[in-house]
Amino acid sequence: MAFTKNTVVLAILCFIVIQELGIYGGNQHMVAAKKIDCAGKCNYRCSKAGWHKMCIRACNTCCKRCNCVPPGTYGNRDLCPCYASLTTHGGKLKCP
């Protein structure tokens, strides 16, 4: 079985592309996103909440899942789409 020059070149190019994309070798080229200070961000976010402990608990849960907390003490949910999309079992917004 003879290989042509084009077949060998194509095989080498495919191998290089697979290695560069990380398909074969796993995800060793991926860099983890920097974790934010959830406690500090949530303390500020919940600073004006009437139910402070409940707000802190929900905010920390959302922050750990999304690695994002909207700025300010209320609103601005559009800046953290993941944070804004989390809901409770009852369908209400989970994150303060």
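Biologist: What makes the span of helix H3 close to the one expected for its 15 residues?

Modeller: In this predicted model, helix H3 covers residues 52-66 and reaches 21 Å from its first C-alpha to its last.

Biologist: Which residues of H3 are called buried, and what covers them?

Modeller: The buried residues of H3 are Cys55, Ile56, Ala58, Cys59, Asn60, Cys62, Cys63 and Cys66. Their cover includes helix H2, residues 38-45, and helix H4, residues 81-85.

Biologist: Why is Asn60 called buried?

Modeller: Asn60 has a relative accessible area of 18%, and a residue counts as buried when that value is under 20%, so Asn60 belongs to the buried class. Asn60 sits in helix H3, where, leaving aside residues up to four places away in sequence, it touches Cys38, Ala39 and Cys42.

Biologist: Why is Ala39, in contrast, called partly exposed?

Modeller: Ala39, which is found in helix H2, has a relative accessible area of 42%. Partly exposed is the class between the buried limit of 20% and the exposed limit of 50%, and therefore Ala39 is placed there. Ala39 and Cys59 are 20 residues apart in sequence, while their C-alpha atoms are 8.8 Å apart in space.

Biologist: Which residues touch the most other members of the largest nonpolar core?

Modeller: That core has 14 residues, and Cys42, Cys59, Val69 and Tyr83 are the ones touching the most other members. Helices H2 and H3 each supply at least two residues of the core, and H3 gives the most, with six residues. Cys42 itself touches Ile56, Cys59, Asn60, Cys63 and Val69, when residues up to four places away in sequence are not counted.

Biologist: What makes Asn67 stand out after H3?

Modeller: Asn67 follows H3 and has a positive phi of about 55 degrees although it is not a glycine. Asn67 lies in the loop between H3 and H4, and its relative accessibility of 23% falls between 20% and 50%, so it counts as partly exposed.

Biologist: Where is Asn76 found, and why is it called partly exposed?

Modeller: Asn76 is found in the loop between H3 and H4, and its phi, near 60 degrees, is a positive value in a residue other than glycine. Its relative accessibility is 35%, which again is between the limits of 20% and 50%, and therefore Asn76 counts as partly exposed.

Biologist: How many helices and strands does the chain have, and what share of its residues is buried?

Modeller: The chain has four helices and zero strands, giving the pattern α-α-α-α along the sequence. Of its 96 residues, 21% count as buried, and its accessible surface comes to about 7,700 Å², with 63% belonging to carbon and sulfur atoms.

Terms used
Residues are numbered from 1 along each chain as its sequence is written. This is a predicted model: local features need pLDDT of at least 70, side-chain atom pairs count only at pLDDT 80 or more; totals for chains, interfaces and linings use all residues. Side-chain values use heavy atoms; hydrogens and water are left out. Buried means under 20% relative accessible area, exposed over 50%, partly exposed in between (1.4 Å probe, protein chains only). Accessible areas come from the Shrake-Rupley method with a 1.4 Å probe; for residues, only the protein chains shown count as cover. The expected span of a helix is 1.5 Å times one less than its number of residues. Contact means heavy atoms within 4.5 Å. A nonpolar core is a set of buried Ala, Val, Leu, Ile, Met, Phe, Trp, Tyr and Cys residues joined through side-chain atoms within 4.5 Å.
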